[in-house]
Amino acid sequence: MSLFSYRPNATLYVCNDCLTCHIKRYGRLLEKDMITEDHVRIMKSLNRYRFLTLDLMSHVLGIFTDPLRGELKKLETYGLVLRQYFKYKCENEEYRSPVFYSLSPNLPFEFDACEKKIGCEPWNKDLGMAEVMSLLNFNMFHIILKAYFPHNALQAQTNYKIGGIRVNGRYKLKSKKFFGGYSYCIVFSVMDYAEDNQRISKRIKYVLDYFENRAEKKPWFLLLCESSLQASYLTEKISAEIGNRTEVYYILSSDLDYDENPFHVIQSIRKEDGSIISHSLILEDWYQ
């Protein structure tokens, strides 16, 4: 699988010649039937997820990558979709991130507000690599997770507001196997050395304080991150600032795979005597 990773000092490159589609041009495209049902489905998927790679979009839409690439190229030419990547240097060698897509700014039409769930902010020229890569990791996690579980076993709420902050995902695992019939999992996607990595313990503490005097269960936390080293630092910071008020687990982005249940690759990760120690969390299949 592609590893969606963060690197400092990365520069955004947009491949489009045309960054927007004016309303008159869009009208002409409609008149000539050049906007197909597949084009609409592609744009709706980008409206929902904000950033998608070709591979992720293929899984969301059930369209093979080769024909999908051709349809995306048309939307890119029309100025409706942006194709982009980040370029960065490591040890004097140039590297690129995976290519990803988003909707163009100033679209000549509007989506229904209810169709936008995961990524709400529009594209802008100051887009940072940490923001994109963390959301791609979350999108991949969410897409795989939703494919594994029946609707009545898992309630998913993305870009969810808890008090004054937003979390990537709030998942309600529903089963008689849980005390009270359910368990809450709060998901944050964080990238190494990114700003979110520094403030994650404060965000976890905020969520715990929010649930403190409520009738609902306190949640447990799942952090999507890049490496076991990053996870071990996060564990130290969270333990120092929060103690044992909650359970915090990790999924490394390199462990996400379409053929693997994400709840089967959850780990606890910590440092001990200079070594990184990890233990798998065995989360039994509550939905069966």
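Which residues does Ser134 touch, not counting residues up to four places away in sequence? Ser134 touches Ser189 and Met191, where contact means heavy atoms within 4.5 Å.

The model is predicted, so that local features need pLDDT of at least 70 and side-chain atom pairs count only at pLDDT 80 or more, while totals for chains, interfaces and linings use all residues. Residues are numbered from 1 along each chain as its sequence is written, and side-chain values use heavy atoms, with hydrogens and water left out.

Ser134 has its place in helix α5 (residues 129-148); helices (H or I, at least four residues) and strands (E, at least two) are DSSP runs, numbered from the N terminus. With a relative accessibility of 11%, Ser134 counts as buried, given that buried means under 20% relative accessible area, exposed over 50%, and partly exposed in between (1.4 Å probe, protein chains only). A polar atom of the Ser134 side chain lies 3.1 Å from the backbone oxygen of Glu131. Leu80 is 54 residues from Ser134 along the chain, and the C-alpha atoms of these two residues are separated by 24 Å.

Two packed helices are described by the angle between their axes and the distance between the axes. Here axes are lines fitted to C-alpha atoms, for helices over the stretch in contact, and angles run from 0 to 180 degrees between N-to-C directions.

Helix α2 (residues 37-49) packs with helix α4 (residues 65-78) at an angle of about 80°, their axes being 10 Å apart. The two helices α2 and α4 are therefore roughly perpendicular to each other; angles under 35 degrees count as roughly parallel, over 145 as roughly antiparallel, 65 to 115 as roughly perpendicular and the rest as oblique. On the α2 side the contact is made by His39, Ile42 and Met43, and on the α4 side by Leu68, Glu71, Leu72, Lys74, Leu75 and Tyr78. By class, this contact of α2 with α4 has 6 nonpolar, 1 polar and 2 charged residues, where Ala, Val, Leu, Ile, Met, Phe, Trp, Tyr, Cys and Pro count as nonpolar, Asp, Glu, Lys and Arg as charged, and the others, Gly among them, as polar.

Helix α3 (residues 54-61) also meets α4, with axes that come within 10 Å and cross at roughly 105°, and α3 and α4 are therefore roughly perpendicular to each other. In this contact Leu54, Met57, Ser58 and Leu61 of α3 meet Thr65, Leu68, Arg69 and Leu72 of α4, and the residues divide into 5 nonpolar, 2 polar and 1 charged.

## Salt bridges

The structure holds 16 salt bridges, a salt bridge being a side-chain nitrogen of Lys or Arg within 4 Å of a carboxyl oxygen of Asp or Glu. The table gives some of them.

| Salt bridge | N to O distance |
|---|---|
| Glu76 and Arg83 | 2.9 Å |
| Lys205 and Asp209 | 2.9 Å |
| Arg214 and Glu216 | 3.5 Å |

Glu76 counts as buried at 5% relative accessibility, whereas Arg83 counts as partly exposed at 23%. Lys205 and Asp209 are 4 residues apart in helix α6 (residues 195-212), and are therefore separated by about one helical turn. Lys205 is partly exposed at 36% relative accessibility, and Asp209 is partly exposed with a relative accessible area of 37%. Lys205 and Asp209 are also linked with Glu212, Lys218 and Arg245 in a network of salt bridges. Arg214 counts as partly exposed at 39% relative accessibility, and Glu216 counts as partly exposed at 27%.

Conventions: Polar contact = N/O pair within 3.5 Å; in protein donor to acceptor, adjacent residues only side chain to side chain.
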